[in-house]
Amino acid sequence: MFGTLLRRRARTFFNTILHWTGYEWLRNAAFGSAGFGLLFGLHDGFYRLLKYLAGVELIGLLLIWKLTAMLLLMTFSMVIVSSLLTALTTLFYSSDLKFLFKAPLSLRVVFLDKSLESAFFASWMIGLILVPYIAALMRVRGLGAGYFLAFAAALPPFLLLAASFGIAFTLLLLWLFPTSRTRDIVWVFSSLSLTVVYGLVRFAQPERLIRPDALKVVAEYLNFLQAPTAPYLPSWWLAEALRMAAEGNGRGWALRTAGSWAMACLVYGLLVALAGKIYFIGYSGAQEGALHRRVHAFQLLPEQRLLGVRSAAALLWKERTTFFRDVKHWSQILLIMGLVFVYLFSIQRLPLDSAELKSLVSFLNVGAAGFVLAALGLRFTFPAISLEGRSWWVLRSAPLDIGQIMREKFAFSAVPILGIAATLAAMTNWILEADRFTSWLSLAALLTVGLAICAMGVGFGALFPNFLVENIHQIESSVGGFVYMAACLFYVGLTIAVLAPPMQMHFAERFGTGVWNSRVALYSGAGWLILNLVAFIVPWQLGRQALEDHE
Amino acid sequence: MIRLEGLSKSFGAYAAVSDLNLEVKPGEIVGFLGPNGAGKTTTVKMMTGLLRPTSGRVLVAGRDMARDPIAAKRAMGLVPDEPFVYPKLTGAEYLRFVGELYGVCLSDMKKRVPELLEMFELTPWGGELLESYSHGMRQKLVLGGILLHDPKILVLDEPMVGLDPKSARLVKDIFLRLARRGTAIFMCTHVLEIAEKLCHRIGVMTRGKLIACGTLDELRAQSKEEGRDLESVFLSLTGGAEYSTLLRHL
């Protein structure tokens, strides 16, 4: 039976590829190339880092293997956190579960099928990032292609064991508390863990390892370097297997790899056996809706007090209410808070000495923060129209103008995005002690970028609506999402280019190498205005028309 | 009250609806029947402004749906074939939201929302999120939503699907009462018994074309099925006689 289930996956996979249109081939080739470029960039970065570490006298090798062990430990933690989320959706909320549970299949077969799917989706991308690292390690240490095979043989049990932890945790939690509320708790807990892991990695300041002044400190901790990193975890077993393979100790590699495989089979076997007893209890409980009585008072809505316009206020109220009741959004908010903290921490740790350099970075921060805002726009603003989903008929059949719906989506996104834009600009300027001109220019630029990104998000979201998607990631990774992100980055780049001349004149004036030219500043201002008008109006109008014509 | 003039809709080369002409007068209930894929839901979507016609026009209470969609939609209430509603709103909140969109005054909502919840036996569920509602409960809530703003025209796509017998009876009585008050009702249904008992006129659509429209007696005469029930008339008009050959495959 399990073979039949596997065959249906293979059939789905090949049917999907065989039915790609020319456009889809092109699009996927573009995505593939971008991904490959990213991996190549990572490889280059890893290679430089490892080459530098290898060159450190006496402790070079020690540093490399310590870094490898730390990287694997980090990978292990990330796969666990990732599998918490995927196990929850795959094992308990997939759309095909009703079909599978109705079919004459044993629970263990269903669990095996869905848990392997969960393990794959939780780990493939994180596992893939190890490939450029290993390739860089092979280059630095002069290892042959056989080493890659040794890595490829040792990797699957490592990833499977990590995923098993997440799956087991979710399975047990849903068994102990079989309600849909558990889903919310797991979701928030996982996001919190992800934020903490992300923050910890950044606050550990790994860049110190490649700075000579920090290496003295590392040398003092030679004993620490020689000690195993979490020796009871599979990440250490893999690190040891990789080290032994690199040293030509085939027997040691084979023993550790076989041990990992045996442990993975044992753990997974126990998990499948356990699932036969408890999986259905959790599944059944997860299907029950959470009952929490809410009393609605028929009073003026807060938005109505603020805006006065009834339908616009009602739309905003609906948006706010449904947004904050969806626990998936809380987790996103946690991640954003983590992202903002890490961003500001990174700015604060920049090794900038002169006031001029600090001011320049404050200006260039418009580009980096613009990228962060575009990423937030892709997550929150661009999907806003599509997230109306199958309830779209309620708004479409109501006496509302499409423009009004779009304006409400814009307003709901603009408030937090502007808040984040202002925080990033003001805090960066404060941390870097930027001069007054640069501070005001970067603040104004970033607030405008925030507004334009919202307008483009709503416009492109309306231009590429998809009301049938099951989850938000499908919207983000769609063609529309790709076009939106590309347009945003292009717009941010143009903003920097258009505002560069006044910034340049400001620096020239400060250094006494030039004077302020009002005509150039005027042209620059006009260019900025035109750029923003185009960014606001073109996607908005195209989107509005597309949404009116949507069938 | 609602008039369809030469209404057509094509998806590429496929004509989903061709040259449809129909009028529903105040106080009239018109049923719309047809096999799956006949074009009924496409017609409903064009009537309610969810879909732009390829040609022709829809007039709602004298307003052209294409030119003045907001005024046209204000006069209309829709119950779609699948009652998807915002899962993170409660029943009472959904009704409040609909009331706000259609401009129902707050004091009316305060009075009417509990009444409507009571009428559809949803009072114990009024404070629960819609994600916990069954299909039938959502269907009743959507019906409550259109009754809240008291439209002149009702467009209903399979309004009885998922309703328990008591609720179905209640809904039928509501439609009859509304029609008596002058509301024009256009209803797509596969339940021939409902069409037979409820509708003043019945239209039969197949392959995008309206092939018959009239009272039950007029349809009987057209199909030469005098004295037979609507099922026989319908099968005769839509070529259902061939279906006995299909059963041979069983």
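Author: B:L154 lies in strand β7 of chain B. The model it belongs to is predicted.

Reader: Why is B:L154 called buried?

Author: B:L154 has 25 other C-beta atoms within 10 Å. The cut-off for a buried residue is 20 or more, so B:L154 counts as buried.

Reader: Which residues does B:L154 touch, not counting those up to four places away in sequence?

Author: B:L154 touches B:G77, B:I146, B:L178, B:T183 and B:I185. B:R3 stands 151 residues from B:L154 along the chain, and their C-alpha atoms are separated by 13 Å.

Reader: Strand β7 leads on to B:E158. Where is B:E158, and is it buried or exposed?

Author: B:E158 is placed in the loop between β7 and α6 of chain B. With 21 other C-beta atoms within 10 Å, B:E158 reaches the cut-off of 20 or more and is therefore buried.

Reader: What makes the phi of B:E158 worth a remark?

Author: Its value is near 55 degrees, which is positive, and B:E158 is a residue other than glycine. Most residues other than glycine have a negative phi.

Reader: Which value does phi take at B:D150?

Author: B:D150 has a positive phi of about 45 degrees, although B:D150 is not a glycine. Its place is the loop between α5 (135–148) and β7 of chain B.

Reader: Why is B:D150 called partly exposed?

Author: There are 14 other C-beta atoms within 10 Å of B:D150. A residue is exposed at 12 or fewer and buried at 20 or more; the count of 14 lies in between, so B:D150 is partly exposed.

Reader: What makes B:H200 partly exposed?

Author: The count for B:H200 is 16 other C-beta atoms within 10 Å. That too falls between 12 and 20, and B:H200 is therefore partly exposed.

Reader: Where does B:H200 lie, and what does it touch?

Author: B:H200 is in the loop between α7 (192–198) and β9 (201–206) of chain B. Not counting residues up to four places away in sequence, B:H200 touches B:E28, B:I29 and B:V30.

Reader: How is chain B divided into domains?

Author: The domain assignment gives domain 1 (2–75 + 153–249) and domain 2 (81–150). Their C-alpha centres lie 25 Å apart.

Reader: How do you know that domain 1 of chain B and domain 2 of chain B are in contact?

Author: Contact requires C-beta atoms within 7 Å, and 12 residues of domain 1 of chain B are in contact with nine residues of domain 2 of chain B. On the domain 1 side, β7 (153–157) and α6 (165–180) of chain B are the elements that give two or more residues. The residues on that side are five nonpolar, three polar and four charged.

Reader: Which parts of chain B meet chain A?

Author: In total, 33 residues of chain B are in contact with 28 residues of chain A. Helices α2 (69–74), α3 (91–101) and α4 (106–119) of chain B each supply at least two residues of the side that touches chain A. The largest share, six residues, comes from α3(B). By class, this side of chain B has 16 nonpolar, six polar and 11 charged residues.

Reader: What is the secondary structure of chain A?

Author: Chain A has 21 helices and zero strands. Of its 551 residues, 36% are buried.

Reader: Why are α6(A) and α11(A) called roughly parallel?

Author: Helix α6 (residues 145–176) of chain A packs against helix α11 (residues 250–287) of chain A at an angle of about 25 degrees, and their axes are 8 Å apart. Angles under 35 degrees count as roughly parallel, which means that α6(A) is roughly parallel to α11(A). Their crossing is left-handed. This contact has 24 nonpolar, five polar and no charged residues.

Reader: How does helix α5 of chain A pack with α6(A)?

Author: Helix α5 (residues 107–141) of chain A and α6(A) pack at an angle of about 145 degrees, with their axes 9 Å apart. The crossing of α5(A) and α6(A) is right-handed. Among the residues that meet are A:S115, A:G127 and A:M138 in α5(A) and A:Y147, A:L155 and A:I167 in α6(A). The contact of α5(A) with α6(A) has 13 nonpolar, five polar and no charged residues.

Methods. Residues numbered from 1 in each chain as written. Chains lettered and ligands numbered in written order. Predicted model: local features only at pLDDT ≥ 70, side-chain atom pairs only at ≥ 80, totals over all residues. Contact = placed C-beta atoms within 7 Å. Helix = DSSP H or I, 4+ residues; strand = E, 2+ residues; numbered from the N terminus. Nonpolar A, V, L, I, M, F, W, Y, C, P; charged D, E, K, R; others polar. Domains from an automatic or database assignment. Axes fitted to C-alpha atoms, helices over the stretch in contact; angles between N-to-C directions. Parallel < 35°, antiparallel > 145°, perpendicular 65-115°, else oblique. Left-handed = near helix turned anticlockwise from the far one by under 90°.
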